[in-house]
Amino acid sequence: MTQTVAVLGTGKIGEALLSGMIRAGWRPTNLLVTTRRAERAEELRTRYGVETVTNAEAAKRADTLILAVKPQDMGRLLDELAPHVTADRLIISAAAGIPTSFIEDRLTSGTPVVRVMPNTPVLVDEGMSVISAGSHATPEHLAHTEEIFGGVGKTLRVPESQQDAATALSGSGPAYFYFLVEAMTDAGILLGLPRAQAHDLIVQAAIGAAVMLRDSGEHPVKLREAVTSPAGTTISAIRELENHGVRAALIAALEAARDRSRELASGNS
């Protein structure tokens, strides 16, 4: 943790990484941040004790650059960084849909690039960050990336060819659960419960179910069967879910998300 790391584009995800690194033991003196607005820079300096710099200065001083900008801003940022980035720097991209080749082609030949797809639960240290190596990234570069993103949740290495699928499942995944909770809350209201009570019941059921999935090691089918008694309430509900094609709809939805991720990666807006 003696390296200098710069977070370029310190929005919500960038700030979550910054705060997670500090909680994990990184010293603020080893962290640099860049922002567009002066008031945001002052906010980060006050909150975390880090130094705010320009993108060019970050490229000159940092050993590792985390690019946490929006995908549509990546080309402009790389143009700004290119004159200052040498091949001994590690570039970590957290921009959705941007392949490592897009970054490698715009920087010094041989520059190591690692692509990461985090999801929004990094904001509460429960994220999943999917990590892929570019052409010049070594196992040491991947381990360093895991060290950074491990402070805000779990990490998983996959080949870059699987990043679009991982985006569909993990990057977009929280939204599907929020959608399901919204629908179940409406159902609770229809059944006569106040909204707040319905919400609390569903959220705690979701938390409990997730912890059981994580900690029990059991297949989800086995856990579901434990709740599904013969001729009971649960099997009646599951029959309706199957009758309405919920399983098929989920599969189709994730395929659509994967295909859209591929379109974005190819530059189709």
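How far apart do the C-alpha centres of domain 1 and domain 2 lie? They lie 32 Å apart, domain 1 covering 3–157 and domain 2 covering 164–264 of the protein chain, with bounds that come from an automatic or database domain assignment. Before going further, note that this is a predicted model, in which local features need pLDDT of at least 70 and side-chain atom pairs count only at pLDDT 80 or more, whereas totals for chains, interfaces and linings use all residues. Residues are numbered from 1 along each chain as its sequence is written, and side-chain values use heavy atoms, with hydrogens and water left out.

The contact (heavy atoms within 4.5 Å) draws nine residues from domain 1 and eight residues from domain 2. Between domain 1 and domain 2 about 630 Å² is buried, with carbon and sulfur atoms giving 54% of that area; buried area here is the accessible area, taken with a 1.4 Å probe, that two parts lose on being put together, summed over both. On the domain 1 side, select Gly 97, Met 117 and Asn 119, which lose the most area to domain 2 and together make up 49% of what that side buries.

Next, select Thr 35, Ala 68, Val 69, Lys 70 and Pro 71, which UniProt lists for "binding site" in an unreviewed entry. The lining of the second largest pocket includes Thr 35, Ala 68, Val 69, Lys 70 and Pro 71. A pocket is an open set of points on a 1 Å grid over the protein atoms alone, where a 1.4 Å probe fits and protein lies on both sides within 12 Å along at least five of seven lines; lining residues have an atom within 4 Å of a point. The UniProt annotations may be inferred rather than shown by experiment.

Zoom in on Thr 35, in the loop between β2 (31–34) and α2 (38–48); helices (H or I, at least four residues) and strands (E, at least two) are DSSP runs, numbered from the N terminus. Leaving aside residues up to four places away in sequence, Thr 35 touches Thr 10, Arg 40, Ala 41 and Leu 44, and a polar atom of the Thr 35 side chain lies 3.1 Å from the backbone oxygen of Arg 37.

Finally, move to Lys 70, which is found in the loop between β4 (64–67) and α4 (74–81).

Technical notes: Polar contact = N/O pair within 3.5 Å; in protein donor to acceptor, adjacent residues only side chain to side chain.
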